[in-house]
Amino acid sequence: MVWYLELEDHEQLADILENEQLTALFQPVVDLTTAQIHGYEGLIRGPSSSMLHSPEVLLRVATDCGLRGQMEWLCHKVLNRSFRRLGLPGKLFLNISPDVLVQRSLDKRSESMWLAEPLEQAHQVVLEITEGERILGYGPELLQEAVKRCRDEGIGVAIDDLGEGFSSLRLWSELRPDYVKIDRHFVQNIENDPVKAQFVRSIVEIARQTKSTVIAEGIETVSELLLIKSLGVDLGQGFHFSRPHATPMTCLTDEAAAFLRSQAVPSKPMAEVVWGRDSLAGRNIIQMTPCLTPAISNEAAMGWFEANPGSDVVPVVRDDGLPIGLLARTALIGSFAQPYRRELYGRKSCTQYMDDKPLIVDKRISVQNISQMLGNAERRHFLQEFIVTDNGHYFGLAHGQDVIRVITEMQIQAAKYANPLTQLPGNVPVHEHLDNLLRLRVPFYACYCDLDHFKPFNDVYGFSAGDGVIQMTANVLAQFCDCDLDFLGHIGGDDFIILFRSLDWESRCQRILGRFADTVVRHFTEEDRIQGGYCTENRRFEREFHPLVSLSIGAVVVPPGHFTSYMEVSKIASEAKKQAKLIQGDALFVNRRYKTEAPGHDPRSNNLEFFSGGGGDQGRIDEFLPIKPAA
């Protein structure tokens, strides 16, 4: 029974190949930003009355018969002919198995990797390498060579069903495709599965680094579409837009296009940017909620709320990105509940029922300031979300209750880890901030600040006067730190650390030294100021002269990716501080050994620089022990 069925299949296959009995279907690939058709994936069906109607069965039988190459060539020929006849716009995505791609590349009779006519339109073709198929009998170098030949001829390359097999990431790294298509498994029900969302987020991040365009397959619901777009996916495909069809649509409906364009996506994921530790954006309470435009009708807005049952409000944002109001679920439902309101106003703009005076703040505002604003604002602003902008453009939503929660957490953390004398962050938050900068590969400048000759001052003038100098030092350092970019910590005694991200950090250090020199003299008697110091008896009862207290700063340029933990940075900064303390008076020592080397850089140079401050004399060091780079 099975033998005759297989024999019949083989005969049908031969008939299909000879008479080109294939039907071409196309499913649109949509640009999720512009709402334009980016292209179409070409799909094939066998004769409707045949056991080979399904493309999976058709290709499996062709493989068993050793005719896979001929069958895929015929599929491409039929699809290309229909694509041209219909005049469809954009790219034509065609599936191809790795074996067939390599065979085409090795075939000396083949003048081009694109076997279907016309050859001059090959630049519109994207060959999707089916990741689930194994490469039989060929090494990866042959596949790479085949991909290179495709690119030389202007043919695009994609990896299909990314995530379905085990070799996905390796294939991606080896081929560097123009497109990667995320398998539908990771798209379906993604709004309810954080693991799937994280997978897609990671794929988008890798794609940015490799300059690949991401396509999400299998989008079927509005909720899946909204989350997929919010994660930064470029293109989408699925039943939500259209099923495969012999005569597919060439553009989205006006309402579908307007709705898609209205969904604002931040230009950078939150994890890519490190904000000031007290800013609203730095506290991870902003939700990247999609928005509506004034072109969206009340009926469509109601559909949005039905697709997003967890959202009580949605922002209304103009096409240029400027927010103009908040539309509340209750306002819309309350109106539609009245007789004939839905029929009368359903097609009207959603601006009709929006709150046109919402609370709008910039993401760089500190949580303390927004807390004060909420306290002084109308009660409704505290009870619902408020709009967050980035330089005036819509960025997301935040809730007043989350701000109060963060304020409480900050107060608890500050009391737990702050230095009791200066109220600055202590060792634990310093280490956490350092590790965060390293993890996110953000360039910064670590400056270790230490007081010189402080112990004898403390012994002579008393611990109370010593506390005054430490508090004065903290105030001087804080004056020249940007609260949105820089981090100042007190790591114990007379030691401080500044993690600068301000580009003018060197100028800030020089101003710190100058301000310190002008201020510290007020803590000495007039006699000690005139003679530039004071005498004490040491442990051998000998008179010993001590200069006035000065400030030494050891700075290290920290490029992205060079260090892996705060311990490595603290060790190098400590060495830099020791070098600074060898210079008489207020001084800055900069270790640039770890900066990215510029063109013409001489690797024999030591990249170490010495500066004197405003109040001390500059010393000279002709010899010093070299600092070994971190392993």
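A salt bridge here is a side-chain nitrogen of Lys or Arg within 4 Å of a carboxyl oxygen of Asp or Glu. The views below are taken from a predicted model.

**View 1. A salt bridge between Asp450 and Lys577.** The N to O distance between the two side chains is 3.5 Å. Asp450 belongs to strand β14 (residues 444–452) and Lys577 to helix α21 (residues 566–581), so this contact ties together parts that are 127 residues apart in sequence. Asp450 is buried, at 6% relative accessibility. Lys577 is buried as well, with a relative accessible area of 11%; the cut-off for buried is under 20%.

View 2. The closest N and O atoms of Arg405 and Asp402 are 3.5 Å apart. Arg405 has a relative accessible area of 38% and is partly exposed. Asp402 also counts as partly exposed, at 25% relative accessibility.

**View 3. A salt bridge between Arg511 and Asp504.** The side chains of Arg511 and Asp504 meet with an N to O distance of 3.7 Å. Arg511 is partly exposed, at 38% relative accessibility. For Asp504 the relative accessible area is 33%, and this residue is likewise partly exposed.

**View 4. A network of salt bridges that links Glu41, Glu128, Lys181 and Glu217.** Side chains of opposite charge can pair when their charged atoms come close. In this network, Lys181 is linked with Glu41, Glu128 and Glu217. A search of the whole structure finds 18 salt bridges.

**View 5. An open sheet of 3 strands, in the order β11-β12-β13.** The pairing in this sheet is mixed. Strands β11 (360–362) and β13 (393–399) are the edge strands, and each pairs on one side only. From one strand to the next, the twist averages 35°.

**View 6. The pairing of strands β12 and β13.** Strands of a sheet pair through backbone hydrogen bonds, either parallel or antiparallel. Strand β12 covers residues 385–390 and pairs with β13 in the antiparallel sense. The pairing of β12 and β13 runs over 6 bridges. Thr389 stands opposite Tyr394, a residue of β13.

Notes
Residues are numbered from 1 along each chain as its sequence is written. This is a predicted model: local features need pLDDT of at least 70, side-chain atom pairs count only at pLDDT 80 or more; totals for chains, interfaces and linings use all residues. Side-chain values use heavy atoms; hydrogens and water are left out. Two strands pair if DSSP finds at least two bridges between them. Helices (H or I, at least four residues) and strands (E, at least two) are DSSP runs, numbered from the N terminus. Axes are lines fitted to C-alpha atoms, for helices over the stretch in contact, and angles run from 0 to 180 degrees between N-to-C directions. Buried means under 20% relative accessible area, exposed over 50%, partly exposed in between (1.4 Å probe, protein chains only).
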